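Dear colleague,

I am handing over the structure that I have been looking through, and below it you will find my notes. Please read them with the structure open beside you.

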Amino acid sequence: MGVFILGIESSCDDTSAAVIHDGVLLSNVIASQKVHENYGGVVPELASRAHQENIVPVVSEALKEAGVKKEQLSAIAFTRGPGLLGSLLVGTSFAKGMAIGLGIPLIDVNHLHAHVLSHFIKNSQDSEIPSFPFLCLLVSGGNSQIVLAKGYNDMEILGKTIDDAAGEAFDKCAKLIGLPYPGGPHIDRLAREGDPDKFKFHKPHIGGLDYSFSGLKTSFLYTLRDRLKEDPQFIEKNMADLAASLQKTIIDILIDKLKEAYKSYPVKEIAIGGGVSANSGMRAAIEEFCRKRNIKAWIPERKFTTDNAAMVATAGYFKFLQGDFCGLSEPPYSRVKI
Ligand code: KG4
């Protein structure tokens, strides 16, 4: 029979459900919300309404694809936070209701832990997984962190952004040059045709292992403002070079701090996770970083870079093995340390 875990993710604008059996992924269904595209960013109220519409069909589909009946489930793992409270409430309430109905335990999962543990999603029992300790560069629309992963539930944030996240820098700068939301993937595509050294943008000078991306955003904005005065067609003429130079600057900022972290924590393996880890330049930079130091690089499959329930079910599985369950009265949280 084994252990069957249903994972539920609803922290932002993706409604997702996944089923794993003894740690091996059977299904991972994601309903991404298109409604936000018209607004240039995620609208929290619309996100929670869309989760309400999606949650039942997404969970049903995940069980169907897995060929698992709900009565076979051993536990339900759900993202408790951090994220948008209205969105989290939908997944949390649904998970609680289903766990009560089935009389099975509930497991709360920290969304950031789940991103780090996305490298433990297994397609088969033989799938390779990282060994602890490892460093993980966690880069998404809401977070930019360097995490020292010491165990499944033992993680330390070595550095984090003090303002915007790397994904926000991609998205906000992309918006300034007229690209749709989310801009990160568009910048990635355009950057392949551009010159990464054509424009120089501000890099932060802050101590320790923390990040900052707000100065880069301002410097991008001021470059556009000044150049547009000289040539109103500046953006159209330089789209690819702007994208390539922006992407290079963001990657340089991320890698420079990773170098510092590695000096203090010379681990044998380095991972990357979160939406920005889908970026082709970022993936290549991590590969190169690890190749130069002769250490193992863990680059997630693209489908596991953005929010997904496979990582939630996987994180939940490890908590299940430790008997680490959550009470029905536990509320979701919008902010939390890892
Ligand atoms: O982890 P994620 O799905 O959720 C949030 O934390 O919001 O990350 C979304 C972020 C967005 O900022 C998006 O632009 C960025 O990941 N992203 C990318 C790429 N794909 C997604 N950024 C750069 N290049 C990409 N290929």
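Pro82 is found in the loop between strand S4 (75–81) and helix H2 (85–102), where helices (H or I, at least four residues) and strands (E, at least two) are DSSP runs, numbered from the N terminus. This is a predicted model, in which local features need pLDDT of at least 70 and side-chain atom pairs count only at pLDDT 80 or more, while totals for chains, interfaces and linings use all residues. Residues are numbered from 1 along each chain as its sequence is written, and side-chain values use heavy atoms, with hydrogens and water left out.

The peptide bond that leads from Gly81 into Pro82 is cis, with omega near -5°. Another cis peptide bond joins Phe132 and Pro133, with omega at about -5°, and Pro133 belongs to the loop between helix H3 (111–116) and strand S6 (134–139). As background, most peptide bonds are trans, and most residues other than glycine have a negative phi.

Asp22, although it is not a glycine, has a positive phi of about 50°; its place is in the loop between strand S2 (14–21) and strand S3 (24–32). Asp22 has a relative accessible area of 26% and is therefore partly exposed, given that buried means under 20% relative accessible area, exposed over 50%, and partly exposed in between (1.4 Å probe, protein chains only). Asn294 is not a glycine either and has a positive phi of about 60°; Asn294 lies in the loop between H8 and strand S10 (296–298), and at 72% relative accessibility it counts as exposed.

The second largest pocket holds about 300 Å³ of space. Of the 16 residues that line this pocket, the closest to its centre are Ile251, Asp252, Gly281, Ala285 and Glu288. The elements that give two or more residues to the lining are helix H7 (234–264) and helix H8 (280–293), and H7 gives the most, with seven residues. On a 1 Å grid over the protein atoms alone, a cavity is a set of points where a 1.4 Å probe fits but cannot get out, whereas a pocket is an open set with protein on both sides within 12 Å along at least five of seven lines, and lining residues have an atom within 4 Å of a point. Grid points are joined across faces, edges and corners, and a volume is the space filled by probe spheres set on the points.

Finally, Glu260 is in helix H7, and its C-alpha atom is separated by 7.1 Å from that of Leu209, 51 residues apart along the chain.

With best wishes
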